[in-house]
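Thanks for making the time this morning.

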Amino acid sequence: MSTTNQPLNDWINEVAKLTRPEQVIWCDGSDSEYQSLMSLMQDSGDMTALNPDTHPNCFLHRSDPQDVARVEHLTFICTEKEDDAGPNNHWMSPGDGHRQMDDLFDGCMQGRTMYVVPYCMGPIDSPLARCGIELTDSPYVVVNMKLMTRMGAQALARIEREGSFVRGLHSTGELDPDRRFIMHFPEELAIKSYGSGYGGNALLGKKCHALRIASWQARQEGWLAEHMLIVGVENPQGETHYVAAAFPSACGKTNLAMMIPPASKDGWKVWTVGDDICWMRPGDDGRLWAINPEAGFFGVAPGTSESTNPNALAMLSEDAIFTNVAETYDHQPWWEGLSEGEPATDWKGQTYAPSNGPAAHPNSRFTVSMKNCPSYSDQAEAPEGVPISAIIFGGRRERLVPLVMQAKNWQHGVLLGASMASETTAAATGAVGVVRRDPMAMKPFCGYNFADYFTHWLSIADSASYPPEVFHVNWFRKNEDGAFMWPGFGDNIRVLEWILDRCKGRGDAIETAIGHLPGVDAIDTNGLSIDPQTMADLVAVDIEGWSEEIAQIGQYLDSYGDRMPERLKQTCQQVADALAVQS
Ligand code: GTP
Ligand code: SPV
Ligand code: MN
């Protein structure tokens with residue numbers, strides 16, 4: 001392969017001159033290319049074939065033990081003006097960013113192959129889709145990009161037709177945490193990533209392109225690039241409504257995206273459009289229309305089981321890549337939460353011993369094509385996307401935050417998203433379980449100043465005359481014994497049912513200071529053994545706790561200074577005032 005696009009040729013030559021690879025290979029995205037890369041990696045020890053009887057065409061990759069998660073402290077947005085990146089990002093000037101990265105890239109591919117990976121984010125014929133090229137020296141990245149994106153010849157053809165593309169340059173370098181940076185140059189539609197082979201740091205189509213760069217473009221062009229799953233929820237009458245939901249990393253998007261409702265909710269079905277990223281744009285009909293820019297799942301393995309997520313387990317029985325999971329004695333993949341099998345080898349490749357910690361890394365992952373998923377939606381490839389009825393925000397909050405609440409209007413919905421907070425997880429390096437502000441689940445992923453981002457969100461109601469209803473959920477409330485109060489997983493359909501009822505102007509709700517909440521009997525608990533007191537606690541409003549919370553939210557908004565939209569601060573003040581009346 002080669003290209004008729006001169007700027008692309010020039011860029012590849014320029015990068016090759018800097019990084020000095022032994023050879024340059026263009027990736028066509030074919031199955032035979034995938035298999036030959038797998039053979040190459042088996043020879044080098046980067047990939048191990050799993051049990052071909054139980055898991056045909058499945059492979060295990062063990063990454064460097066110091067390279068198992070996103071690195072937010074090493075991720076930068078490089079814009080001309082520091083304020084454009086905002087207090088929510090680490091900033092560097094584009095000049096300094098390029099200098100620092102090019103020093104690292106200098107000669108780094110000597111003796112290695114540089115792969116040219118053309119990819120398309122979104123259905124290949126969708127007007128909402130966007131393309132990019134990733135140059136990488138990692139065959140692991142190439143095979144993951146093949147499953148996660150529309151990769152290869154068709155994407156290159158689209159790039160040649162359109163002319164524009166995002167430029168991503170990646171090298172695993174020495175995998176030295178002290179020589180690792182992920183830098184974004186939104187003004188140039190460029191990404192440079194060095195020193196990590198891990199998912200979000202290295203598969204540049206995903207968080208780097210489809211969120212950080214795309215969010216910047218989306219603001220300029222009047223659309224939204226969000227950290228959201230997309231599902232179609234079918235009711236017993238056979239009607240399907242589409243919902244997009246933003247939960248922070250490792251807070252339940254993949255699980256909700258392919259959940260199977262319990263037997264007691266006969267007739268309800270969930271159809272998977274996407275599990276991590278959503279691009280949406282106001283349509284001519286005034287609604288928001290959404291596509292999933294990805295073609296595969298890069299999902300959290302631990303906790304995935306026959307009882308929590310049977311569809312995921314089914315889709316992982318063939319053609320999947322596992323990263324940092326454990327292995328059973330007969331070479332089946334294993335992780336904490338599985339009801340069958342036992343670990344023989346841990347994620348580091350050592351004989352499993354409980355004293356060494358969990359067998360699978362808490363952020364171990366699977367990569368698999370969406371087409372493997374039994375609940376794959378027949379609308380997932382629709383070029384125009386699917387119309388969104390509800391946007392759901394949610395976080396991991398042990399206390400205070402109710403099971404579900406509905407925003408009073410779009411502006412209040414933007415506040416619900418902007419004021420999200422959640423406990424940190426193993427998806428990024430650093431402490432786990434610390435509550436932090438994570439607006440719209442985009443703290444690590446918004447490519448520009450959050451104040452401008454909220455302004456942009458508010459403006460969506462001007463271009464979409466029928467914006468979705470907005471909700472906030474929390475599956476993670478705990479009781480005094482530290483146990484989850486809500487059963488979660490498939491039973492979350494009960495909350496989705498209330499949400500969709502509310503979208504149709506039905507469903508029992510109580511107006512409170514913080515939003516519309518379901519009455520104690522509004523959520524269908526038939527077939528569920530949850531005691532009425534727990535249910536009542538899940539939908540109660542703790543006025544004192546919320547008064548403190550809203551004060552903190554106000555301070556958070558103020559910390560962005562003059563750029564923070566006054567309308568959002570006023571909405572926050574209205575909630576504070578309503579709480580003050582009641583306390
Ligand atoms: P990223 O891929 O990092 O963006 O994560 P995600 O938001 O897709 O999270 P995922 O669905 O993979 O869930 C992460 C963890 O939360 C898993 O261990 C799940 O088992 C657990 N989890 C998901 N949904 C629920 C739920 O409804 N209740 C409880 N208690 N745990 C859940
Ligand atoms: C996340 O951390 O939100 C993920 C995994 O979905 S990663 O691709 O590493 O970002
Ligand atoms: Mn994610």
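This is a predicted model: local features need pLDDT of at least 70, side-chain atom pairs count only at pLDDT 80 or more; totals for chains, interfaces and linings use all residues.

Residues are numbered from 1 along each chain as its sequence is written, chains are lettered from A and ligands numbered from 1 in the order in which they are written, and side-chain values use heavy atoms, with hydrogens and water left out.

Around ligand 2, taking residues with a heavy atom within 4 Å of it, we find Arg70, Tyr198, Gly200, Lys206, Lys207, His227, Ser249, Asp276, Phe298, Arg365, Ala427 and Phe445.

Turning to polar contacts, meaning pairs of N or O atoms within 3.5 Å, a polar side-chain atom of Ser249 lies 2.5 Å from an oxygen atom of ligand 2, and for Tyr198 the corresponding side-chain distance to a ligand 2 oxygen atom is 3.0 Å. Gly200 takes part through a backbone N or O atom, at 2.9 Å from an oxygen atom of the ligand. Ligand 2 taken alone exposes 280 Å², of which the protein buries 98%, with areas from the Shrake-Rupley method and a 1.4 Å probe.

As for the domains, whose bounds come from an automatic or database assignment, the chain is divided into domain 1 (6-61 + 70-222), domain 2 (225-296 + 378-582) and domain 3 (300-372). The shell around ligand 2 draws at least three residues from each of domain 1 and domain 2.

Key: A polar contact is a pair of N or O atoms within 3.5 Å; within protein, one must be able to donate a hydrogen and the other to accept it, and residues adjacent in sequence count only if both atoms are side-chain atoms.
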